[in-house]
Amino acid sequence: MLRAIPAILSVAIAIFALADCIQTEDDKVRGLPKWAWIVLIVLIPWIGPITWLLVGKDRTGGTGRRAGRGAPQRGGPLAPDEDPEFLRKLDEDIRRERREKERLRREREAQESAGGTAPDQPGTSAPSPETEGPDDPQHH
């Protein structure tokens with residue numbers, strides 16, 4: 001069983017390095033052409049895959065720092081709150097909603113000051129005759 005572990009590790013690292021090499025864009029391959037790296041990984045156990053993983057691929061991002069393992073490389077914003085176009089539209093929507101609420105509030109105040117109420121808006125209807133009477137605190 002212990003004799004199989006180095007062989008299994010060798011195959012595993014070779015498969016991983018081969019998949020990584022094949023999926024790497026040509027402009028990120030360093031030192032040798034991609035086909036030469038593939039041959040090196042397949043034909044020279046341990047040395048080929050380890051060499052590929054250490055020096056064969058340019059792993060720096062556009063900013064010059066090392067990219068994290070498995071970190072996606074994107075050209076655009078990473079989240080909606082980092083997208084300037086999304087933020088601009090969101091700001092316009094909020095302002096439009098505030099203007100609409102302010103317009104409705106002014107219309108309601110104008111109707112109330114003119115003596116009329118808007119029956120279609122909740123909370124602004126006139127009190128019913130059954131609730132009015134001498135004990136009603138609003139009458140005093």
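**A close look at the charged pairs of a helix**

Modeller: Let's start with Arg105, which is partly exposed at 32% relative accessibility (buried means under 20% relative accessible area, exposed over 50% and partly exposed in between, with a 1.4 Å probe and protein chains only). Bear in mind that this is a predicted model, where local features need pLDDT of at least 70 and side-chain atom pairs count only at pLDDT 80 or more, while totals for chains, interfaces and linings use all residues. Residues are numbered from 1 along each chain as its sequence is written, and side-chain values use heavy atoms, without hydrogens and water.

Arg105 makes a salt bridge to Glu109, with 2.5 Å between the closest N and O atoms (a salt bridge is a side-chain nitrogen of Lys or Arg within 4 Å of a carboxyl oxygen of Asp or Glu). An α-helix has 3.6 residues a turn, so residues three or four places apart point the same way. Through shared partners, salt bridges join Glu102, Arg105, Arg106 and Glu109 into one network.

You can find a second pair in α4: Arg103 and Glu107, again four residues apart. Here the closest N and O atoms of the salt bridge are 2.4 Å apart. Arg103 is partly exposed at 37%, and Glu107 is partly exposed at 37%.

Now compare a pair that reaches across the chain. Asp20 and Lys57 form a salt bridge with 3.0 Å from N to O. This pair links distant parts of the chain, with Asp20 in helix α1 and Lys57 in the loop between α3 and α4 (84–113), 37 residues apart. Asp20 counts as buried at 13%, and Lys57 counts as buried at 18%.

To place these pairs in the whole, the protein has four helices and zero strands, and the salt bridges come to 13. Of the 140 residues, 13% count as buried.

Terms used:
Helices (H or I, at least four residues) and strands (E, at least two) are DSSP runs, numbered from the N terminus.
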